[in-house]
Amino acid sequence: MKILVINGPNLNMLGIREPSIYGPQSYEALVEYIRTAAQELGCEVEIFQSNHEGALVDRIQEAYGVFDGIVLNPAAYTHSSIAILDALKAVALPAVEVHLSDIQSREPFRRISYPAMACLKTYAGLGFAGYREALCFLCQYLGGLL
Ligand code: DQA
């Protein structure tokens with residue numbers, strides 16, 4: 001099972017960026033966490049991060065025919081990007097949305113998620129563990145266990 005993990009803008013600043021919201025650990029620590037979780041779950045992962053909306057759209061399009069599923073944290077583009085929603089719909093790969101923080105309990109503008117409309121599930125407010133949950137869900141879903 002090949003899963004593409006996509007992280008959006010400013011997630012590369014983890015550890016420096018608002019640690020009271022996003023935690024003290026770095027982006028490199030998140031990458032390591034995801035790799036370990038994937039290994040434990042027996043799936044193959046590729047991890048991509050970009051601060052640019054078009055690059056995220058390109059990566060989703062390139063996943064078509066190559067990956068079995070997508071885990072994505074679109075970061076701030078969550079709340080504005082119809083282009084990311086359309087890219088997810090275009091490739092029609094099973095996708096799961098992740099947010100480190102609980103977007104429903106923050107500012108009102110964070111309550112809307114466009115990509116969620118093309119995702120099977122959203123994990124929010126679990127920190128790094130949300131990525132593990134998302135991988136686990138996708139592995140079970142792709143394995144026909146859900
Ligand atoms: C985020 C939540 C978004 O609202 C925010 O813009 C981010 C990170 C999260 O992981 O909690 O950049 O996606």
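Which side chain has an N or O atom 2.8 Å from an oxygen atom of the ligand? The side chain of Asn-73 does, in this predicted model.

## Basis of the model

The model is predicted: local features require pLDDT of at least 70, side-chain atom pairs count only at pLDDT 80 or more, and totals for chains, interfaces and linings use all residues. Residues are numbered from 1 along each chain as its sequence is written, and side-chain values rest on heavy atoms, with hydrogens and water left out.

The shell around the ligand consists of Arg-17, Tyr-22, Asn-73, Ala-75, Ala-76, His-79, His-99, Leu-100, Ser-101, Ile-103, Arg-106 and Arg-110; a residue is near a molecule if one of its heavy atoms lies within 4 Å of it. By class, the shell comprises five nonpolar, four polar and three charged residues. In this scheme Ala, Val, Leu, Ile, Met, Phe, Trp, Tyr, Cys and Pro count as nonpolar, Asp, Glu, Lys and Arg as charged, and the others, Gly among them, as polar.

Arg-17 places a polar side-chain atom 2.8 Å from an oxygen atom of the ligand. For Leu-100, it is a backbone N or O atom that lies 2.8 Å from a ligand oxygen. Taken alone, the ligand exposes 320 Å², of which the protein buries 99%; accessible areas come from the Shrake-Rupley method with a 1.4 Å probe, and for residues only the protein chains shown count as cover.

The ligand takes up the space of the largest pocket. A pocket is an open set of points on a 1 Å grid over the protein atoms alone, where a 1.4 Å probe fits, with protein on both sides within 12 Å along at least five of seven lines. A molecule sits in a pocket if more than half of its atoms lie within 2 Å of its grid points.

Ser-113 is located in the loop between strand E4 (95-99) and strand E5 (121-124). Helices (H or I, at least four residues) and strands (E, at least two) are DSSP runs, numbered from the N terminus. Ser-113 counts as buried because its relative accessibility is 11%; buried means under 20% relative accessible area, exposed over 50%, and partly exposed in between, with a 1.4 Å probe and protein chains only.

The side chains of Ser-113 and Glu-97 are joined by a polar contact of 2.5 Å. Such a contact is a pair of N or O atoms within 3.5 Å; within protein, one must be able to donate a hydrogen and the other to accept it, and residues adjacent in sequence count only if both atoms are side-chain atoms. The side chain of Ser-113 also reaches the backbone nitrogen of Ala-116, at 3.1 Å.

## Positive phi angles

Glu-18 is not a glycine, yet its phi is positive, at about 30 degrees. Glu-18 belongs to the loop between strand E1 (2-7) and H1 and is partly exposed, with a relative accessible area of 42%.

Ala-92, likewise not a glycine, has a positive phi of about 55 degrees. Its position is in the loop between helix H4 (82-91) and E4, and at a relative accessible area of 61% Ala-92 is exposed.

## Separations along the chain

Ala-37, in helix H2 (residues 27-41), is buried, with a relative accessible area of 2%. Ser-26 occupies the loop between helix H1 (19-22) and H2 and is partly exposed at 27%. The C-alpha atoms of Ser-26 and Asn-12 are 7.7 Å apart, at a chain separation of 14 residues.

Glu-46, in strand E2 (residues 44-49), counts as partly exposed at 37% relative accessibility. The C-alpha atoms of Glu-46 and Gly-143, 97 residues apart along the chain, are separated by 19 Å.

Technical notes: 1 Å grid on protein atoms, 1.4 Å probe; cavity = no way out; pocket = protein on both sides within 12 Å on 5 of 7 lines; lining within 4 Å.
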